[in-house]
Amino acid sequence: MRNSKTVLIDTNPGRNAQTVGIARELGTDIDLIHEPSVGVIGNKGDSQCYLGVQHKVETIHESLRQKIGTEAGKLSMRLVQPEYTVATSDGMRNGTKEMRYSLMGREVTHDSVCEHLSASGLEGTIAVVACDKPPVGTVSAILEHNRPAIIMSDGPIRPGIDSVTKERIDIISGFQVAGSDDEEMKKRIACESCPGFGSCGGMFTYNTMQTFIGVMGLEPLHMIAPPSDDKRRLEQFPSELVNFLQAMIESKVTPRDIVNRDSIRNAMIVAMAIGGSTNVLLHGPEIARAAGFRDFSEDIMSPEEFNHLSQHVVPVLIDARPFGSYSMVDIDEKGGVQVIVKELLNAGLLNGDTLTCTGETLAEQIDRLNPPAPDGTVIYTVEKPYKPTGGLRVLGGNLSPEFSSVLKLAGVEGGLENNKFVGKARVFDGEEGLLYSLENEPSVFQDNDMIIVRYEGPSGAPGMPEMLDSTSRITTLCRENDIVVGLMTDGRFSGGSVGLVIGHVGPEAALGGEIAFIENGDEIVIDLDINEINCTELKNADTLESRKVKWKKVVDENGGMHPSVGNADTRLLNRMRKSAVSAVYGAGMHPDRQLWVNDERKPIRTTFIPSNKYRPNSEKTF
């Protein structure tokens, strides 16, 4: 950055004219128009998640504007006007065809932020993120751009109160009463579940990923948990963010200096400890790719290590929705995410030496924040956890040869008491048929059914929709009838889903994965002692081959695509169909995975190993 004032030149008269006009309208010095640019961006969309974003962006922008200037201590940079990305809302689209655009919202946000950062030449960015997918797209673009940047989550919504039962309720409450015949009750829950504004309040995907981003180092930890309407987000945090960004710019710290193997591993371990959303197994690999790592399982954490940590080392430390009772607002009141991080650091489960956007290491940031000890009601200790094992498990087997399948163990309510489930397949070629049966003929579902929903993967749907509507109805059905019904899909789930549900099964059905060859009545076995999901019939080579031949005949007669795949009738859906990679690589739009990474930026492995001192049954380290 130049220290002296820039003399206007005529090499690009159009740029000069417009940048002078922008500087004049924004109230900044026109002598700075050729200096490196700095600005604020935000996520927007049709949802309560985004209602608080614009006010915060404008407040941070004004704080940044006051920091711009040629005087000592100020940023001698060109200020750009705020920009916004657009994405859909998961909660409003679950169970509809529009849900195909949800995961693509991550990709669209990524493209939009990438275009803005690159075309505007931003050398400093503050991003206000909201909802599930846009934060990940924003972070990925920031990592690819690799100029000083910092994130602030907009914050969660506060829980509602049922005026009749006086119980706390949230968006998941609305989904779980969908099958009821009590129309008055359903309307009451709908009206009272989501007061105010902010992103989903439980430990669903939004809060899982904000925690992930903060632990990874791109967001100050104390800014994660406060609700969207918390006055600190307008009165305290903007000036802090500007100061942190200025320090990053002056010290030339970039996102890839912060996001490395150890920081991503820290974030994934915390995701286990909070019983986080299964979507973290899609977003983690995508973030790692953007940070310069070719293969998450090879460069960051293998499935074997992931399961070892989740089974033997990392317990669940919070009692939070959807598997527990409390919300992110309660976690904030008990000291915030920093309480969880401190507990894991003290137990030797995290690397405290990783750099963060505050200029401190993770351990130094925790020391400065000085959070209280776990309260034992909302946040628990490693020695006396809420649940003894981590909340997530990845699965292999003959239905998941890619080892992509993921089970949110923290949300299982029955069926795995002895670490094994054995049931019969009930197959649906698409979620629409399942929703019809759940709504109109729920009695067809029997104890120990394993519902198979296929052709809902990244390419097949296309867009890999999540199935909160289906899983919520199944949860209610199981609770009311005291039965166990599982669901397995090549699609995905909301962070609010609970029950015996397994997503991301790959390869997906549309690409000829084994899930395409399951037939009604087949025996499905989930075995957590070996972390596999298997179809017994498909273990027979002759049976497998005959079903493959039958499937391929149908595909060939339909012009090379199975007739059960969804329509790709828009430019964006068609792009997803043709360029989506497998769930194990993040299910993003990357037609040539060999082009993802600059070969000069090789991943660096370190020697940090999570401690096993609190987990006496741990036998293996990595």
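Helices here are DSSP runs of H or I with at least four residues, strands are runs of E with at least two, and both are numbered from the N terminus. This is a predicted model: local features need pLDDT of at least 70, side-chain atom pairs count only at pLDDT 80 or more, and totals for chains, interfaces and linings use all residues. Residues are numbered from 1 along each chain as its sequence is written, and side-chain values use heavy atoms, with hydrogens and water left out.

Is Asn 94 buried or exposed? Its relative accessibility is 5%, so it counts as buried; buried means under 20% relative accessible area, exposed over 50%, and partly exposed in between, with a 1.4 Å probe and protein chains only.

What does Asn 94 touch? Contact means heavy atoms within 4.5 Å. Leaving aside residues up to four places away in sequence, Asn 94 touches Met 99, Phe 175, Glu 466, Met 467, Leu 468 and Asp 469. With the side chain of Glu 466, the Asn 94 side chain makes a polar contact at 3.2 Å. A polar atom of that Asn 94 side chain also lies 2.7 Å from the backbone nitrogen of Leu 468. A polar contact is a pair of N or O atoms within 3.5 Å; within protein, one must be able to donate a hydrogen and the other to accept it, and residues adjacent in sequence count only if both atoms are side-chain atoms.

Next, helix α13, residues 280–290. This helix is mostly covered, with eleven of its eleven residues buried. Among them are Leu 281, Pro 285 and Arg 289. Just after α13, Gly 292 takes a positive phi of about 110°.

Now the packing of α13. Two packed helices are described by the angle between their axes and the distance between the axes. Axes are lines fitted to C-alpha atoms, for helices over the stretch in contact, and angles run from 0 to 180 degrees between N-to-C directions. The axes of α5 (residues 134–145) and α13 come within 8 Å and cross at roughly 20°. That makes the two helices roughly parallel, the term for angles under 35 degrees; over 145 is roughly antiparallel, 65 to 115 roughly perpendicular, and the rest oblique. On the α5 side the contact has Val 136, Val 139, Ser 140, Leu 143 and Glu 144, and these meet His 283, Glu 286, Ile 287, Arg 289 and Ala 290 in α13.
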